[in-house]
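Here is a short note for a colleague who is new to this entry. Please read the points with the model open beside you.

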Amino acid sequence: MNVAEWIIVAILSMTLLVFLIVGIVLFVKLIGLTKEAEKVVIESQDIAKNTNGIVSNVRGMTSIGGTVEMFMDKYINPKLKSKLKTEGSKNDGKRTEKK
């Protein structure tokens, strides 16, 4: 091989080495970033669950929310369940659509 060919091979080898090192470092940083993103997602889910609990508590404390919820639980839901049971027994458990 000529000297020029050796120089080109050396330059290409060093370039490949640099890109491999940079690629490995970026890959490791990307793995760390995904772990941090997973922590953020888990924390945001926890915050959403807590917020949902707070909203349901506040809805129960308001006068209209509590009244409507009590009305639904005591009067409307039992009537709907009994109506569904009677319709289901008439049609062997199959629901029919009215036109």
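1. Helices here are DSSP runs of H or I with at least four residues, and strands are runs of E with at least two. By that count the chain has two helices and zero strands. Keep in mind that this is a predicted model.

2. How much of the chain is buried? Buried residues make up 2% of the 99 residues. The chain exposes about 9,400 Å². Carbon and sulfur atoms supply 68% of that area.

3. Met14, Leu17, Ile21 and Val25 make it, and it covers about 370 Å². Val25 lies in helix α1, which spans residues 3–61. Is Val25 buried, exposed or partly exposed? Its relative accessible area is 45%.

4. Now the charged side chains. Side chains of opposite charge can pair when their charged atoms come close. A search of the whole structure finds one salt bridge. The side chains of Lys39 and Glu36 meet in a salt bridge, at 3.6 Å from N to O.

5. Where do the two partners sit? Both Lys39 and Glu36 lie in helix α1. They are three residues apart, about one turn of the helix.

6. How accessible are Lys39 and Glu36? Lys39 has 54% relative accessibility and counts as exposed, because the cut-off is over 50%. Glu36 has a relative accessible area of 44%, so Glu36 is partly exposed.

Definitions and conventions: Residues numbered from 1 in each chain as written. Predicted model: local features only at pLDDT ≥ 70, side-chain atom pairs only at ≥ 80, totals over all residues. Heavy atoms only, no water. Patch = residues over 30% accessible without salt bridge, like charges linked within 9 Å, V, L, I, M, F, W, Y side chains within 5 Å. Areas by Shrake-Rupley, 256 points an atom, 1.4 Å probe, with all protein chains shown as cover. Salt bridge = Lys/Arg side-chain N within 4 Å of Asp/Glu carboxyl O. Buried < 20%, exposed > 50% of the residue type's maximum accessible area, 1.4 Å probe, protein only.
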